[in-house]
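Here are my notes on this model, point by point. Please read them with the structure open.

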There are 2 protein chains.
Amino acid sequence: MQRTDFSKMACSIARTLDVIGEPWSPLILRDVWVGMSRFEQLQADLGISRKVLTERLNHLVDHGVLERRPYDNRPRYEYVLTPKGSELVDLLMVMVGWGDKHLAGEAGPPVLYRHHACGEISSVELSCANCGKPMHANDVDVLAGPGSAV
Amino acid sequence: MQRTDFSKMACSIARTLDVIGEPWSPLILRDVWVGMSRFEQLQADLGISRKVLTERLNHLVDHGVLERRPYDNRPRYEYVLTPKGSELVDLLMVMVGWGDKHLAGEAGPPVLYRHHACGEISSVELSCANCGKPMHANDVDVLAGPGSAV
DNA sequence: CTGCTAGGGTTCCCTCAAGGAACTCAAGGA
DNA sequence: TCCTTGAGTTCCTTGAGGGAACCCTAGCAG
């Protein structure tokens with residue numbers, strides 16, 4: 001956990017980091033996304049400490065990213081993405097895109113994504129929600145918004 | 001710093017986290033993106049420990065995300081985004097989108113982005129690099145790729 | 001040529017989170 | 001009755017983050 005509290009900064013990046021910025025959280029989200037939903041599965045797949053896994057799962061549930069639901073008469077639970085959590089997966093897909101491009105090396109990408117709409121192996125691109133054209137770091141001006149601290 | 005080393009995992013998310021997953025790194029990147037480039041500026045703006053700022057900047061430079069360049073005859077340096085670093089800003093823009101939607105509250109988004117292409121205040125949307133249609137968590141199948149560990 | 005200032009770091013100590021292993025608890029099943 | 005399994009909890013050790021003080025270099029003022 002970052003010792004400095006990011007949640008109160010007037011910055012959506014900092015606030016988002018407060019939710020999934022801790023070590024392991026994005027990887028937990030990834031595993032849940034691809035269908036791993038139980039404590040033991042996650043712990044074994046990630047090799048994460050059980051203590052930290054408990055903390056992260058609680059944190060993600062508290063923030064409405066995951067939902068904890070019983071799946072048996074015994075006290076057994078599984079974790080599934082909420083709609084809010086599914087939207088966070090966008091972030092993971094962009095990470096995958098960057099990592100595939102810059103860090104995959106000779107071996108190529110570890111995982112491929114097939115887009116339902118076109119049936120092709122593809123990757124994500126960022127576009128403007130308004131005009132649909134590409135929208136990257138140098139394509140925008142940054143302006144103060146209504147929630148700015150100043 | 002996450003104590004477990006993510007860099008060797010066969011996962012582009014884990015590898016990307018190895019580059020910018022440590023506390024503060026995304027916020028440093030944000031500041032550099034919006035034009036803050038010097039050690040003292042970054043330290044003052046973020047309130048980060050000087051020790052940690054030094055470590056993070058070195059790490060980002062080592063990974064080719066930032067470039068350290070002298071800007072005076074005196075030993076003064078500034079940090080600027082490399083092309084690789086600019087592409088990482090995509091990640092920040094998606095964070096902003098999610099944070100604005102789910103965490104901004106009453107006050108509204110702290111910062112707005114005006115898209116050069118259309119001139120409008122907008123936000124990013126994820127689309128398929130192949131067909132251009134929206135591409136989110138539930139719009140893809142995940143398949144093993146050439147660099148998969150199995 | 002001496003001292004002052006400013007940027008850009010180091011060094012040091014303290015605390016608290018991550019790692020890891022052992023322990024607990026509830027509900028079936030043999 | 002004991003065993004097993006999933007899902008945690010407890011406890012100890014180590015090392016990263018926070019914070020403050022210190023250092024080093026090069027210009028510049030007197």
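1. A definition before the sheet: two strands count as paired if DSSP finds at least two bridges between them. Strand E3 (residues 111–115) of chain B and E4(B) pair in the antiparallel sense over 2 bridges. Within this pairing, B:Arg114 sits opposite B:Ile121 of E4(B). Keep in mind that this is a predicted model.

2. The sheet draws on both chains. Its 3 strands run in the order E6(A)-E3(B)-E4(B), forming an open sheet with antiparallel pairing. Strand E6 (140–144) of chain A and strand E4 (121–122) of chain B are the edges. Each has a single partner strand, so one side of each lacks a neighbour in the sheet. As background, strands of a sheet pair through backbone hydrogen bonds.

3. Now the DNA. The largest share, 4 residues, comes from H4(B).

4. What is the make-up of the surface near DNA strand D? The residues there divide into 13 charged, 8 nonpolar and 5 polar.

5. On annotation: an unreviewed UniProt entry places "domain: HTH hxlR-type" on residues 11–107 of chain A. In the model, that span is 62% helix and 10% strand. The C-alpha atoms at its ends lie 37 Å apart.

Terms used. Residues are numbered from 1 along each chain as its sequence is written. Chains are lettered from A and ligands numbered from 1 in the order in which they are written. This is a predicted model: local features need pLDDT of at least 70, side-chain atom pairs count only at pLDDT 80 or more; totals for chains, interfaces and linings use all residues. Ala, Val, Leu, Ile, Met, Phe, Trp, Tyr, Cys and Pro count as nonpolar, Asp, Glu, Lys and Arg as charged, and the others, Gly among them, as polar. UniProt positions are given in the numbering used here, feature names are shortened, and annotations may be inferred rather than shown by experiment.
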